[in-house]
Amino acid sequence: MAYDKIRDPRRIMHVEGDMEVDYIYTAGIAGERFFVALRDKEKLVATHCDKCNHTFMPPRMYCDRCFAELSNWIELPPTGAIASYTITHEDNNGERLPEPIVLAFIEIEKTDGALIHQIGEVKPGALKIGMRVQAVFKKKSERTGALTDIRYFKPA
Amino acid sequence: MTVAIVGVGHTSFQSTTPDISFKEQMFEAAVKAYEDAGVNPRKDIASFLTAAEDYYEGYSIFDEFVPDQLGAVLRSVCTIGGDGLLALINGVMQIETGLFDVVAIEAHSKASDILTFPGIVTHGLDPIYNRAFNVHPYFVAGLEMRRYLHETGTTREQCAAVVVKNKQNALSNPSAAYAAKMTMDDVMNSEFVSDPLTRRDISPLADGVIVMVLASEEKAKDLSDDPVWLKGVGWCSDTPWIESRTWSTAEYARLAAERAYKMAGIKNPQKQIAFAEVDDWFSYKELQHIEALGLCENGEAGKLLEQGNFSRNGKLPVNVSGGRIGAGNLLEASALQSVLECVLQLQGRAGTRQLKDAETAVAQSWRGVPTATGCVAVLSSEL
Ligand SMILES: [Zn+2]
């Protein structure tokens, strides 16, 4: 459409722009408990809904099934089983990574949830769905209260 | 429901469109749609709905940037923060309330203006639990794909067959951006982005705009000789916590379809639906969505697709338009591209890809990684 169209690609104009946006993201009541226990005790915190018999990992302070507020906090060892994994070859800009990164969907034992994290100390070809894994932590002095306080999960 | 689509207009879908602004593209599609419906937007259309997501647009409060090129200045305008099908469903509801009798729906993509697409998708991930790794956000699709293959016994080859089919279908769609005669080897041997997901399993982004005019029963009969009727609609969101979802089945699509079928009186979709346009952002998602829509049993889609069931000349053609993989991934607008194909087929306007004797169709959308949100609409040439 349009009466006239630009036919010379050298004449096509544009301006460049970007949106600089910075935020803090509040961990919240449940997140606070999770990351403090992770940092200080090497434990995972879940919440349990007694009515639905459902254990939330990561923890939430409410149940998305019956909509109750949850106050039953459980501490668990950082172990689980690989429910799925992927070998990622690109970074967040779409550039090829020098070394692929293995990420897994790790079902945490005694919960109905999971954590998504890196897998280490195992060759990609040896990965199996169902493989039991445990968290490998950073040194206490290097921990910041983030998911990366766990360096990766390794076969248990 | 008694709401019909009485006009459609769209640009061609292209990998880049550097010579024309998104506003001019919208203007083009709108002029075509209003011409098709035989309406003057300044007189005949009382309400306008667009589908947009600020981050895709590069504008804050993008809603403010749509009225002029749609003929909507000083009219009732709203933007739906969802896909084009959700905008359409909201338009249907506006007419059902009796507030308006003619409404325009718009969805678009100017994806070639986005310089940092993976970054935008990453910002859709939970900042505290899911953004810690410097990896392409399609890792979520890699995880989901492997789990889907594992639980259903579907193979990578069957996913590759989706890509071959949709690229092939797009050859007969003059608007498609990525038509090709691609081979199984081309797909299977393409590089991994997030193993088992390859480059070719991913729909490539494209630019394009689609506009539709909806009307009440009375107005539709007045405006059009062959209106396409909305028989049923549904939409659904699963939990945003990717740690808590069922990964092998698309529950959002299953429940949205259940609601739409109930409204439309569809009891046996495999018999009552003539063809389907489903979301194929990734190859395996087409299979998962076919199963969620009840067009086959769970875990059977890959095998049936390989056998040709969902080919253009098969029992239940899926994505005759080429889908996102063949026509191009139009972000929030691919949902309307699916509806567009249903309209063209049901009106007998689909050119060389025209299906015979198609009376009832289903269109389904998904908003891409990391969402679990989608819509379903059942459309028919019969009231
Ligand atoms: Zn509960």
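A helix here is a DSSP run of H or I covering at least four residues, and helices are numbered from the N terminus. In this predicted model, Gln94(B) belongs to helix H5 of chain B, which spans residues 84–96.

Is Gln94(B) buried or exposed? The relative accessible area of Gln94(B) is 19%, and the cut-off for a buried residue is under 20%, so Gln94(B) counts as buried. Leaving aside residues up to four places away in sequence, Gln94(B) touches Ser47(B), Leu49(B) and Cys78(B), and also Leu99(B), Phe100(B) and Val103(B).

## The interface of chains A and B

Contacts between the two chains involve 44 residues of chain A and 40 residues of chain B. About 3,800 Å² of area is buried between chain A and chain B, with carbon and sulfur atoms giving 64% of that area. On the chain A side, Met1(A), Asn92(A) and Ile116(A) supply 17% of the area that chain A buries against chain B, more than any other three residues.

Two salt bridges are found across the interface of chain A and chain B. A salt bridge also joins the side chains of Glu90(A) and Arg199(B), with an N to O distance of 2.5 Å.

## The largest cavity

The model has five cavities of 30 Å³ or more. The largest cavity holds about 150 Å³ of space. Its lining consists of 17 residues, and those closest to the centre are Glu144(B), Arg245(B), Lys285(B), Thr371(B) and Ala372(B).

Three helices of chain B each give two or more residues to this lining: H7 (139–152), H11 (251–264) and H13 (283–292). Sorted by class, the lining of the largest cavity contains nine nonpolar, three polar and five charged residues.

## The second largest cavity

The volume of the second largest cavity is about 60 Å³. Of the 14 residues lining this cavity, Val278(B), Asp279(B), Arg324(B), Ser334(B) and Ser338(B) are the closest to its centre.

Which elements give two or more residues to the lining of the second largest cavity? They are helix H15 (323–327), helix H16 (334–346) and strand S10 (360–366), in chain B. The largest share, four residues, comes from H16(B). By class, the lining of the second largest cavity divides into two nonpolar, eight polar and four charged residues.

Key:
Residues are numbered from 1 along each chain as its sequence is written. Chains are lettered from A and ligands numbered from 1 in the order in which they are written. This is a predicted model: local features need pLDDT of at least 70, side-chain atom pairs count only at pLDDT 80 or more; totals for chains, interfaces and linings use all residues. Side-chain values use heavy atoms; hydrogens and water are left out. On a 1 Å grid over the protein atoms alone, a cavity is a set of points where a 1.4 Å probe fits but cannot get out, and a pocket is an open set with protein on both sides within 12 Å along at least five of seven lines; lining residues have an atom within 4 Å of a point. Grid points are joined across faces, edges and corners, and a volume is the space filled by probe spheres set on the points. Ala, Val, Leu, Ile, Met, Phe, Trp, Tyr, Cys and Pro count as nonpolar, Asp, Glu, Lys and Arg as charged, and the others, Gly among them, as polar. Buried means under 20% relative accessible area, exposed over 50%, partly exposed in between (1.4 Å probe, protein chains only). Contact means heavy atoms within 4.5 Å. Buried area is the accessible area (1.4 Å probe) that two parts lose on being put together, summed over both. A salt bridge is a side-chain nitrogen of Lys or Arg within 4 Å of a carboxyl oxygen of Asp or Glu.
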